[in-house]
Amino acid sequence: MPPTEVQQPGAAVDLAGQGEVIHLRLAGHDVRVFQESPPLIASMVADLATAKSRAWVESYTISDDAAGRAVAEVLKERARQGVDCRVMYDGIGSAGTPGAFFRGLEEAGVKVHGYRTLRQAFWRWGLLNRRNHRKLLAVDDRVAYFGGMNIVDQSGIRTVGDAKARHLPISAGWRDVHVRLAGPQQAEIAAAFERLWRRVHGELRIRGPRWPIADMLFGNGEKIYFFDCRPRFKVRRPARVLVPLMRGARRSITVSMAYFIPQGRVLRELLRACRRGVQIRVIVPGESDVKVVQWATRHFYDKLLKRGVRIYEREDQMLHSKVMVIDDRWTVIGSCNLDPRSMLINLEFLSVIRARSMAAAVKRICRYEIRNSRRITLADCHRRPWWRRLVDRLAWSFRRWL
């Protein structure tokens, strides 16, 4: 059954969360917002099949499963027709994918690059720590994708029971947010791919554009801003985008985050917003695929709850999204978590969209997550056994390395 499309969602429309695709028109672009991977993969494959000049795919994880093979087969077919097909994957994120999968792509004419693989890290330890966490796709000069979803088959998993039946982790069946963009700013996503591709191949580097922070904050009308984050450089860290957005919040901040361990300037601005009376809601996974991160997050529930932050743990499905909505005006979507790894180490890509229609759509997705969540209270924190609180504290002490 094809995914449902919701045209220009309004207050009367509520998302049932069963794979709907939200269709918007904003800032001169056709935009589709995906919540789950099956309709996203189907859309990607359909767009790749129409490629005439280029088909570029970049993902932290590309699995050798139904999703990965569907993308691989269409890339092979396009490469045989002379299309410039490229694949960039992360050496750790895709470590479970057999080398034969990528060799098959190369044999068909697809250019493949593994970003900082285990073999490369053997000679230089520092290479292992900094990962490419971006998820991008560009087709010709028409269509691009960005967001938080990897190329992994998550079809048919709606509950913990479904995951157990397929002998998968109980965190399988991820909920996430990914965007398909058709319009003039598609070129900016393709350019971000090209810059990194040239850099990893030792070619002539292209300087990235200056970040338009002032225009993002004080401009008028609908606009999409892209930020190609390289935290190694302070001027390219995600906090430089997120901190002024939170500082300007006056009414509400809604955060739906896979890995939530804010610190430094980001945490300070979040707490300052609480003191200003801003309503802050944080949605995190109830069952995370990275347990130590979940333990570290739970350590400071008490601190956040006492300051008025509302915390919700998503049940049944793993919440893998990386989105934020501020004052029903700005929406942040990308690959960037609110954790030290995304803030200080990994390559990330995020967008800030100034459009009330996008904020309304993503906020409704967040409401769906909340309806399927358990609200955490101070009583819940105090009921945790002493040894669990000790484990949480130990995990928190190692947060900079998670």
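**Cavities, a pocket and local packing**

A search of the whole structure finds six cavities of 30 Å³ or more. Here, on a 1 Å grid over the protein atoms alone, a cavity is a set of points where a 1.4 Å probe fits but cannot get out, a pocket is an open set with protein on both sides within 12 Å along at least five of seven lines, and lining residues have an atom within 4 Å of a point. Grid points are joined across faces, edges and corners, and a volume is the space filled by probe spheres set on the points. The model is a predicted one, in which local features need pLDDT of at least 70 and side-chain atom pairs count only at pLDDT 80 or more, while totals for chains, interfaces and linings use all residues. Residues are numbered from 1 along each chain as its sequence is written, and side-chain values use heavy atoms, with hydrogens and water left out.

The largest cavity holds about 90 Å³ of space. Its lining includes Glu 36, Ser 37, Trp 174, Asp 176 and His 320. By class, this lining has three nonpolar, five polar and two charged residues; Ala, Val, Leu, Ile, Met, Phe, Trp, Tyr, Cys and Pro count as nonpolar, Asp, Glu, Lys and Arg as charged, and the others, Gly among them, as polar. The second largest cavity holds about 70 Å³, and its lining divides into nine nonpolar, one polar and one charged residue. Among the residues that line the second largest cavity are Leu 242, Met 257, Lys 322 and Leu 350. Strands β14 (322–326) and β15 (330–334) each supply at least two residues of that lining; helices (H or I, at least four residues) and strands (E, at least two) are DSSP runs, numbered from the N terminus.

Turning to the open sites, the second largest pocket has a volume of about 600 Å³. The elements that give two or more residues to its lining are α7 and β10 (223–229), and α7 gives the most, with four residues. Of the 20 lining residues, Arg 207, Gly 208, Pro 209, Arg 230 and Arg 236 lie nearest the centre of the pocket. The lining comprises nine nonpolar, one polar and ten charged residues.

Helix α7 (residues 186–200) also carries Phe 193 and Trp 197, four residues apart, about one turn of the helix. Eleven aromatic pairs are present in the structure, where rings of Phe, Tyr and Trp (its six-membered ring) pair if their centres lie within 6.5 Å, and planes under 30 degrees apart count as stacked, over 60 as edge-to-face and the rest as tilted. Phe 193 and Trp 197 form a stacked pair, at 5.7 Å centre to centre with 15° between the planes. Together with Trp 56, these two residues form one aromatic cluster. Phe 193 is buried at a relative accessible area of 2%, and Trp 197 is buried at 5% (buried means under 20% relative accessible area, exposed over 50%, partly exposed in between, with a 1.4 Å probe and protein chains only).

In helix α3 (residues 99–107), the buried residues are Phe 101, Phe 102, Gly 104 and Leu 105. Seen down the axis of α3, they fall within an arc of 150°, so they line one face of the helix; the arc is that of the directions from the helix axis to the C-beta atoms. These buried residues pack against α2 (66–80), β5 (84–90) and β6 (111–115), with contact meaning heavy atoms within 4.5 Å.
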